[in-house]
Amino acid sequence: MLPSCLRHNRALVKIIAGLWLLQLGWLAWHYAPEALEVTQRLASGEVGGAVRQEDAYYRWLGELAELLPPTATYIFIDRYEAGKYLETRYVLHPRRMVRLNPQVTPAFLYDRIVREQAEYLILPEGEASVTWKYVSQSDSHLFQALPTSGPGMVFRVNLRQVTGGFYD
């Protein structure tokens, strides 16, 4: 016959083991969809960067990295608060970025294009507002839209048509 303190300890160990097994069962049920996806990715050899592969903006930046030459200069329209320019600059490095606020006037944009010799203009998903419609509706063919499948718009700038001397 065991002393009563050992019987209580055995019962306590059984309760803790039961709760632990219950927790393992709940975790297995809760994460079953992700476990299936991870298993499929491991089987196909597609590993690393799983979260970024699901982000449409990151995939779009990868597409831009293939589209823009490494020596290019581009103007990126972004509100500082949005923070998209940080990730964009990181992915598109070594290309040179000139970040402008969406509230800039067309005259300031054209002046910056001339000064920086920017060959591309990038409008992320949230910045393609009504104030930027003049870029896509330009009759002078100054901005040529490039085909991309992402959330934003990319334009190639015809530097020969920008002469400078713009005034508001």
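These legends walk through several close-up views of a predicted model.

View 1. Starting at the N terminus, the elements follow the order α-α-α-α-β-α-β-α-β-α-β-β. The protein has 168 residues, and 27% of them count as buried. Its accessible surface comes to about 11300 Å², with 59% belonging to carbon and sulfur atoms. Among contacts between residues at least 6 apart in sequence, 64% join residues at least 24 apart.

**View 2. An open sheet of five strands.** Reading across the sheet, the strand order is β2-β1-β3-β5-β4, and the pairing is mixed. Which strands stand at the edges? They are β2 (96-100) and β4 (143-146); each has a single partner strand, so one side of each is left without a neighbour in the sheet. From one strand to the next, the twist averages 30 degrees.

**View 3. Strands β1 and β2, side by side.** Strand β1 (residues 73-77) runs parallel to β2, and five bridges join the two. To find your way in this view, look for Phe76, whose bridge partner in β2 is Arg99.

View 4. Helix α4 (residues 56-67) touches β1, β3 (120-123), β4 and β5 (153-157), and its direction makes about 175 degrees with that of β3. Helix α6 (residues 106-116) also packs on the sheet, touching β1, β2, β3, β4 and β5. The direction of helix α6 makes about 160 degrees with that of β2.

**View 5. A network of salt bridges linking Arg96, Arg112 and Glu116.** Side chains of opposite charge can pair when their charged atoms come close. Here the side chain of Glu116 meets that of Arg96 at 2.8 Å, N to O. This pair links distant parts of the chain, 20 residues apart, with Glu116 in helix α6 and Arg96 in strand β2. Arg96 counts as partly exposed, at 40% relative accessibility. Glu116 also forms a salt bridge with Arg112 (3.7 Å, N to O); being four residues apart in helix α6, these two are separated by about one helical turn.

**View 6. A salt bridge between Asp111 and Arg115.** The side chains meet at 3.0 Å, N to O, and both residues lie in helix α6, four residues apart.

**View 7. A nonpolar surface patch of about 820 Å².** Trp20, Leu21, Leu24, Trp26, Leu27, Trp29 and Tyr31 make this patch. One of them, Trp29, is found in helix α1 (residues 4-30) and is exposed, with a relative accessible area of 63%.

Conventions:
Residues numbered from 1 in each chain as written. Predicted model: local features only at pLDDT ≥ 70, side-chain atom pairs only at ≥ 80, totals over all residues. Heavy atoms only, no water. Patch = residues over 30% accessible without salt bridge, like charges linked within 9 Å, V, L, I, M, F, W, Y side chains within 5 Å. Areas by Shrake-Rupley, 256 points an atom, 1.4 Å probe, with all protein chains shown as cover. Salt bridge = Lys/Arg side-chain N within 4 Å of Asp/Glu carboxyl O. Buried < 20%, exposed > 50% of the residue type's maximum accessible area, 1.4 Å probe, protein only. Pairing = 2+ DSSP bridges. Axes fitted to C-alpha atoms, helices over the stretch in contact; angles between N-to-C directions. Contact = heavy atoms within 4.5 Å.
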